[in-house]
Each structure stands twice: as C-alpha cells, then as structure tokens.
Amino acid sequence: MTDLSNYRNIGIFAHVDAGKTTTTERILKLTGKIHRLGEVHDGESTMDFMEQEAERGITIQSAATSCQWKGCRLNVIDTPGHVDFTIEVYRSLKVLDGGIGVFCGSGGVEPQSETNWRYANDSKVSRIIYVNKLDRIGANFYRVVDQVQNVLGARPLVMVLPIGLESSFVGVVDLLTRKAWVWDDSGAPENYSIQDVPADMADQVEEWREKLIEMAVEQDDVALEKYLEGEEPDLETVKTCIRKGTINLDFFPTYCGSSFKNKGMQLVLDAVVDYLPNPMEVKPQPEVDLEGNETGEYAIVDPERPLRALAFKIMDDRFGALTFTRIYSGKIKKGDSVLNTFTGKTERIGRIVEMHADSREELDSAQAGDIVALLGMKNTQTGHTLCDPKHPATLEPMVFPDPVISIAIAPRDKNGADKLGVALNKMIQEDPSFRVETDPESGETIIKGMGELHLDIKVDILKRTHGIEVEVGKPQVAYRETLTKRVEDSYTHKKQTGGSGQFARIDYAIEPGEPGAGYQFESLVTGGTVPREFWPAVDKGFKDSMKEGVLAGFPLLDVKVSLIDGSYHPVDSSAIAYEIAAKGGYRQSVPKAAPQLMEPIMKVDVFTPEDHVGDVIGDLNRRRGMIKAQESGPNGVRVKADCPLSEMFGYIGDLRTMTSGRGQFSMEFSHYAPCPKQVAEAVIKEVQERKKG
C-alpha cells in the first residue's frame with residue numbers, strides 16, 4: 001500500500017514566457033527523471049512534445065509527468081500560459097492539490113498571471129510562488145513581491161532573498177537557516193556551496209526573517225504567545241506553521257532563482273515537499289446529483305472507499321485515446337468495469353499508464369491520490385466522473401466558457417472531406433473550449449474557439465496530425481442579441497379540425513434580464529388558468545427559441561420571461577401545444593422589444609517600449625478601445641484597455657510594426673456590450689448577404 005502522505009500533486013502555471021516549461025525541465029533533471037536538458041528556445045523541451053509547441057516555443061496543452069524528491073512522489077503538470085489555452089490551466093488546477101505560480105523577475109505579475117491566480121483561488125489550490133529569471137535585465141524580486149500583494153491581493157511569505165541581481169545574480173539566502181546558497185558559473189544545478197550570509201546583506205536578512213516568523217506564528221496560538229514574550233520558536237515549529245498557513249491559503253511561501261541558469265531550484269523542490277499538501281490534507285471533492293446540486297457527501301481520499309475519479313483531459317496519440325484521470329478515492333485495476341455517471345454506461349479499463357510527457361509506463365493498478373492515463377475508454381469526456389458501479393456518485397463537473405471567435409473551414413479535396421468529420425470529433429473530445437457546427441443554410445463547417453491563435457493551432461493540427469489540408473474563411477465574431485424594452489403580449493395556438501386538436505393560449509411578459517443572469521423563466525399564473533404541468537413546456541418553447549435572435553440569428557443574452565396568464569382546453573391542450581405557443585409568442589414579441597446587437601469586449605493588455613506609447617494608445621482608440629490604465633515599468637509601459645474583438649484581428653502584426661517588433665500583448669474575453677448603430681447595421685447586412693450567398 002502506498003503512503004499517501006508522500007504524494008504531491010502539483011501544477012506549474014504562469015503568464016506566457018515566464019519560464020514554466022524550463023522550470024519543469026529543471027525539476028525533472030534534478031529529480032533524475034531526465035539526464036539531458038532540452039531547451040524551449042531550441043524546440044527540444046521534454047514537456048512541449050507537440051510539433052506546434054516545439055516550433056512556437058510555447059506550451060499548448062498541459063503535460064503530465066511524475067518524479068521523486070526526498071522520498072516524495074511528485075505528480076507534475078506543466079500548463080500553458082497563453083490566454084487562448086487557459087482552459088488547460090483551469091482543468092489542470094481542478095485536479096491538483098498544490099501549485100507553483102511562476103512569475104518573471106522583470107515582467108512581474110502579468111495579465112495571464114492574474115487569470116491563472118483567479119482560477120487557482122476558485123479551485124482553492126495551495127501555492128508556492130517562484131520568481132524566475134532573476135538573471136535578466138530589469139529583474140527586481142522586491143517589485144514582484146509588491147505586485148503579488150497589490151495586484152493579486154495575496155500575502156507572499158518571503159522565504160529567500162536574492163544575492164545579486166541581473167548578470168550578478170549568483171544565489172539566494174535561505175531566511176530560515178540564515179545560510180547562503182551560491183552557485184558557480186558552470187550552469188550545473190549541483191555545483192553550489194552553502195556559505196554564511198554576505199556581510200552587506202546581514203541587516204536585510206534579519207528584517208525579512210522577522211517578517212517571516214511573525215507571519216508564520218500567527219498559525220499557532222502557543223507559538224505566537226511565546227514569540228510575543230521574546231522566545232523564538234524552533235525551526236520545526238516554524239515549518240509546521242508555514243505548512244498550515246500554506247494549506248489554509250493564508251499566505252504563499254515565496255522563492256526566487258533562475259531556472260535557465262539552474263540557480264535556486266533545490267529550495268523550491270524542498271518547499272513542495274515541506275509546505276504543499278498531500279492528497280489527504282486537501283478539502284475533499286463534493287459529490288453532486290445529476291442536476292448538479294451538492295448531496296452533502298464527499299469523495300474522501302482513501303483507497304479503501306468506493307471508486308471516485310474525474311476525467312480531466314482526453315488526448316489522442318498514436319496508441320489511441322488517453323483519458324487523464326485523477327483518482328480521489330478507491331482504486332482501479334486493469335480490466336475493471338467502471339460506471340460513467342454522465343452517460344450512465346459502464347466502461348472497461350483496457351490499460352493504465354503513468355505518463356511522462358509523451359512516453360509511458362504500464363501499471364497494473366492505481367489508487368486514491370494518483371493521476372494516471374487510462375486507455376480503452378470509449379465514451380468518457382472531459383469532466384465526466386468514473387465510479388464504482390455498485391456505489392454510483394458524481395463529482396462536481398467542470399464549466400467551460402463559450403467560444404468568442406469562429407471561422408469556416410472546407411477540405412481542399414474529396415479525400416480530406418471523408419477524414420474531416422472523424423478528425424474534428426477527436427479534437428472536440430480533447431479540447432472542450434473548441435466547438436464545431438455545421439451552418440444549416442450554407443452547409444459550411446464552422447469551428448469556434450477562444451482566440452485567433454487557438455483556431456490557428458487547430459487548423460495546423462488538422463494539417464499535420466490528421467493530414468487534412470483545409471481552406472480557411474475569415475474570422476467571425478460571436479455576437480449576441482438582447483432586448484432593451486419590456487413587452488406584455490398574448491399568443492394563441494389553435495388547431496381544431498375534427499378529432500383531437502391543439503389549443504394553448506398564453507399571456508406573458510418578455511423583458512431584459514440582469515446582465516450576466518442568462519435566460520430566466522417564472523410563472524405568475526394563479527387559479528390554474530394554465531395548469532402547472534404545462535409550465536415546463538412554455539419554458540422550453542421560449543428557451544429553445546432564444547438560441548436564434550431576430551436581428552441576425554445570434555443567440556439572445558440575459559432575457560427574462562414571465563408567464564402571467566392564459567387558458568386551456570380540457571381535451572385539446574397538451575405540452576406540445578404550449579411549447580408551440582411559446583415559440584410563436586417569441587417570434588411575435590421579440591421584434592417589439594427593441595432587440596439590440598451585442599459584441600464581445602476583450603480585456604487587452606499591451607506591453608510597449610516607452611517611446612511607442614503614444615502610437616499604441618492612438619491605435620487602440622482607433623479600434624474603439626477604452627483605455628483603462630497605464631503602468632510604467634523598468635523595461636516599458638503596460639497599457640490596459642477594453643476593446644471590441646471585431647477590431648482586434650491581426651493586431652499582433654500591427655503592434656510589431658508600430659513598436660519595431662518589441663511590443664507584446666495578450667487579451668481575454670471580458671463581457672458583452674451594445675454594438676454601435678453603424679457597426680450593428682454592417683454586421684446584420686453581412687449576415688443577410690451570407691445567407692443569400
């Protein structure tokens with residue numbers, strides 16, 4: 001039986017280009033999992049094993065591996081930093097117990113860091129902070145610590161101080177032991193010596209050490225009382241306090257180093273073992289019923305309890321579909337039959353493998369606390385629960401955002417047309433934020449995703465992985481429609497021609513709902529004028545109709561429908577009659593409720609050298625952008641703005657031209673806002689022409 005107290009399920013997450021994958025490579029080298037380092041910039045890192053990742057030097061999908069450090073088994077997931085792939089971060093955080101938040105020493109807390117931090121807060125994942133790239137020009141450890149406090153609203157618990165900065169960065173001082181770890185210039189992680197604190201840092205070390213102890217002893221009343229009386233707790237007590245505070249999310253132990261130069265990584269690994277929780281120390285996953293309501297039961301981490309496991313990622317590779325699964329309780333063996341509570345069907349586990357990026361190790365069984373990949377699962381998708389057929393239960397499912405951009409694709413030849421459907425189906429299973437639809441009028445295949453890069457990668461995967469060349473249309477924005485006026489109306493559906501007929505009359509109000517509330521339905525009927533059993537049919541009729549607005553056929557946002565009154569016929573009324581009446585009522589009343597087109601607004605964060613700020617702001621204004629903030633840093637200026645997605649296509653090319661190739665930007669969906677009149681008219685006209693064509 002494995003000792004679960006020696007397990008650590010951790011993820012590494014950060015803004016794009018903060019050095020996550022390089023950090024993971026160093027962890028694998030230090031723990032003896034790999035013997036030769038592969039660099040991201042050479043396209044040779046172990047964890048970025050997709051061709052697209054190697055070429056672009058970015059991580060696209062999260063990769064899993066496991067290794068050993070000081071008697072602990074670490075299951076490590078390296079996640080992407082680019083905003084278009086945040087879905088990978090979200091679903092990885094969902095199944096992890098702890099994480100390492102990596103921040104760039106010069107870039108600091110960047111926009112994607114904020115999104116990932118928010119996801120980690122939502123998933124209640126304990127974290128340690130690692131400030132990387134302290135050897136870079138403009139690196140400043142103390143500035144990043146301030147940003148963690150002010151931008152993220154988190155409490156960093158500084159555990160080490162850097163010795164030197166930028167090109168003179170040589171190591172760190174461990175505040176707990178008051179010892180300096182100094183590396184030589186060979187670049188080998190094991191070439192370090194432990195020395196006394198440099199004389200010029202002695203006062204600084206004492207000041208920060210005092211802050212550390214004060215924050216740590218808050219976790220233990222006895223230790224706090226002794227400390228206030230002037231007695232410093234021993235090292236073991238302080239470590240116990242730090243572990244408790246880290247698991248409770250009261251603070252985040254903060255380290256620094258340079259992954260690329262192999263400096264500082266040992267202390268980060270020690271912190272993973274010392275301070276991040278094992279699977280039994282994390283709040284257990286709540287179980288829910290089929291409607292998604294909590295049942296009050298929990299999946300307690302224990303190999304002896306019934307099986308509870310969550311499939312958090314599907315990946316198709318040369319051996320077939322791999323279902324990455326986190327086992328919360330119970331155990332599984334090769335050949336077991338498990339129940340998928342979403343489909344209601346049992347599936348047989350063909351093989352169990354432990355992944356190391358794209359290579360694997362066969363296992364006969366796995367137990368609570370493990371993260372493994374299963375082969376042979378035919379109907380399991382991301383977010384599905386696998387459990388013991390004799391003791392069924394569902395774990396809290398994952399919620400994925402709606403896509404904001406779409407493009408039409410068409411295969412170039414007949415051979416591609418046959419393979420396209422199969423390939424797209426595999427890609428949907430792998431990535432829940434990727435959707436595919438067929439336009440009912442034109443018959444075109446439409447793919448939808450989270451951004452231009454997201455869809456660009458998908459088209460690339462079709463070409464390379466599946467060998468299908470496709471023609472790509474121009475990107476389309478996912479507009480929405482909403483109402484701006486309340487309308488009270490009545491609709492009668494009547495079809496009475498001998499024999500049993502159909503009859504339903506409804507009086508209803510249709511009005512704008514609260515922003516973000518989605519579709520809402522309520523019945524105010526009293527006295528049985530519309531029998532209670534027909535209310536769900538009215539609700540269904542309106543809800544189904546909301547999928548297509550009257551202006552340009554886009555789905556409706558934030559609408560409230562109230563059923564006020566109506567009448568029924570004792571023989572001819574039926575659920576289907578009321579559903580038809582609701583659909584008729586929708587067509588009749590929505591045009592009267594002053595419908596309006598809504599466009600997706602993106603939160604845009606642009607980094608530019610100081611001398612190009614004016615050009616960047618002028619350009620964002622031309623794109624109908626609202627400038628929200630401007631922040632100066634040592635290397636340039638960050639401009640934050642809200643911009644309509646429709647104006648941001650091809651922006652990266654324009655930004656590079658404006659800033660002589662030195663500008664960078666990221667954006668993520670923020671909210672929907674009303675479209676200006678001339679823009680709305682142009683969109684509606686374009687949709688009508690497309691339908692005619």
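Glu396 is partly exposed, with a relative accessible area of 28%; buried means under 20% relative accessible area, exposed over 50%, and partly exposed in between, with a 1.4 Å probe and protein chains only. The model is a predicted one, in which local features need pLDDT of at least 70 and side-chain atom pairs count only at pLDDT 80 or more, while totals for chains, interfaces and linings use all residues. Residues are numbered from 1 along each chain as its sequence is written, and side-chain values use heavy atoms, with hydrogens and water left out.

Glu396 belongs to the loop between β24 (394-395) and β25 (405-411). Strands (E, at least two residues) and helices (H or I, at least four) are DSSP runs numbered from the N terminus. Pro286 is 110 residues from Glu396 along the chain, yet their C-alpha atoms are separated by 6.3 Å. Not counting residues up to four places away in sequence, Glu396 touches Lys94, Gln285, Pro286, Val288, Glu294 and Leu310, where contact means heavy atoms within 4.5 Å.

Thr385 is found in strand β23 (residues 385-387) and counts as buried at 1% relative accessibility. A polar atom of the Thr385 side chain lies 2.9 Å from the backbone nitrogen of Leu395. With neighbours within four places in sequence left aside, the contacts of Thr385 include Ala309, Leu310, Leu339 and Leu395.

Arg326 lies in strand β15 (residues 320-329) and is buried, with a relative accessible area of 1%. Its side chain makes a polar contact with the side chain of Asp97 at 3.0 Å. A polar contact is a pair of N or O atoms within 3.5 Å; within protein, one must be able to donate a hydrogen and the other to accept it, and residues adjacent in sequence count only if both atoms are side-chain atoms. Leaving aside neighbours within four places in sequence, Arg326 is in contact with Asp97, Arg308, Ala309, Leu310 and Asp370, among others.

## Aromatic rings and charges

The whole structure holds 11 aromatic pairs. Rings of Phe, Tyr and Trp (its six-membered ring) pair if their centres lie within 6.5 Å; planes under 30 degrees apart count as stacked, over 60 as edge-to-face and the rest as tilted. The pair of Trp183 and Tyr192 is tilted, because the ring centres are 5.6 Å apart and the planes stand at 45°. Trp183 counts as buried at 4% relative accessibility, whereas Tyr192 is partly exposed at 32%. Phe103, Trp117 and Phe252 form one aromatic cluster.

A charge sits over a ring if NZ of Lys or CZ of Arg is within 6 Å of the ring centre and within 35 degrees of the ring normal. The charged end of Lys211 sits over the ring of Trp208, 3.9 Å from its centre. Lys458 lies over the face of Phe434, at 5.3 Å from the ring centre.

## Cysteines

The count of disulfides is zero, a disulfide being a pair of cysteine sulfur atoms within 2.5 Å. Cys72 is buried at 2% relative accessible area, and Cys104 counts as buried at 4%.

## The chain as a whole

The secondary structure of the chain comes to 16 helices and 38 strands. Of its 693 residues, 54% count as buried. Among contacts in the chain with a separation of 6 or more, 71% are between residues 24 or more positions apart.

The chain exposes about 30100 Å², with carbon and sulfur atoms supplying 49% of that area. Accessible areas come from the Shrake-Rupley method with a 1.4 Å probe; for residues, only the protein chains shown count as cover.
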